[in-house]
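Hi,

Here is the structure I promised to pass on. Have a look at it first, and then read my notes below.

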Amino acid sequence: MQDGGSSDSAEIFQILADEYARKIILAADRDGPKTAKTLSEECDASLTTIYRRVSTLQEHGLIEERRTIDSDGSHRSEFQTALEELHIDITDGQLSLTMETRDELADNFTALWSGLRGED
């Protein structure tokens, strides 16, 4: 995802300026997907804070939600960081932001593999 728009970039910068959002992104990247309860414990934040930040992070493609079914049949949501790379460029007095997510990397790999195999 290339994000050159200054308003979108400003929103991402503002999100990343939030300490809890950064903690959630990092915690959700370690050791696989995590439940909101686990994120709450690891980030020392209330569940309300976790759910608010996760919602904002999801809106901007920085966190993914995965739903699982436990052995007893109950449904559970787990969250994992989608952000793989973040690049900030300063050119002619303007900031530009480029983000790459895990899905995009998988798509790029699939396209590369298909290209190597001669598929369209």
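Which residues make a nonpolar surface patch? Leu-86, Ile-88, Ile-90 and Leu-95 do, and the patch comes to about 370 Å². Before you go further, keep in mind that this is a predicted model.

Strand S4 (residues 83-91) gives the most to that patch, with three residues. Ile-90 sits in strand S4, and its relative accessible area is 66%. Anything over 50% counts as exposed, so Ile-90 is exposed.

Now for helix H4, which covers residues 47-59. Thr-49, Ile-50, Val-54 and Leu-57 are the buried ones in H4. Looking down the axis of H4, you'd find its buried residues within an arc of 125°, which means they line one face of the helix. Arg-52 and Glu-59 are exposed, on the face of H4 turned away from its buried side. After H4 comes Gly-61, with a positive phi near 75°.

Last, the hairpin. Strands S2 (residues 63-69) and S3 (residues 75-81) run antiparallel and are joined by seven bridges. To get your bearings, find Glu-65, which stands opposite Phe-79 in S3. Five residues lie between the two strands of this hairpin, and Gly-73 there has a positive phi near 90°.

Cheers

Methods. Residues numbered from 1 in each chain as written. Predicted model: local features only at pLDDT ≥ 70, side-chain atom pairs only at ≥ 80, totals over all residues. Heavy atoms only, no water. Helix = DSSP H or I, 4+ residues; strand = E, 2+ residues; numbered from the N terminus. Expected span 1.5 Å × (residues − 1). Buried < 20%, exposed > 50% of the residue type's maximum accessible area, 1.4 Å probe, protein only. Arc of directions from axis to C-beta. Pairing = 2+ DSSP bridges. Patch = residues over 30% accessible without salt bridge, like charges linked within 9 Å, V, L, I, M, F, W, Y side chains within 5 Å. Areas by Shrake-Rupley, 256 points an atom, 1.4 Å probe, with all protein chains shown as cover. Salt bridge = Lys/Arg side-chain N within 4 Å of Asp/Glu carboxyl O.
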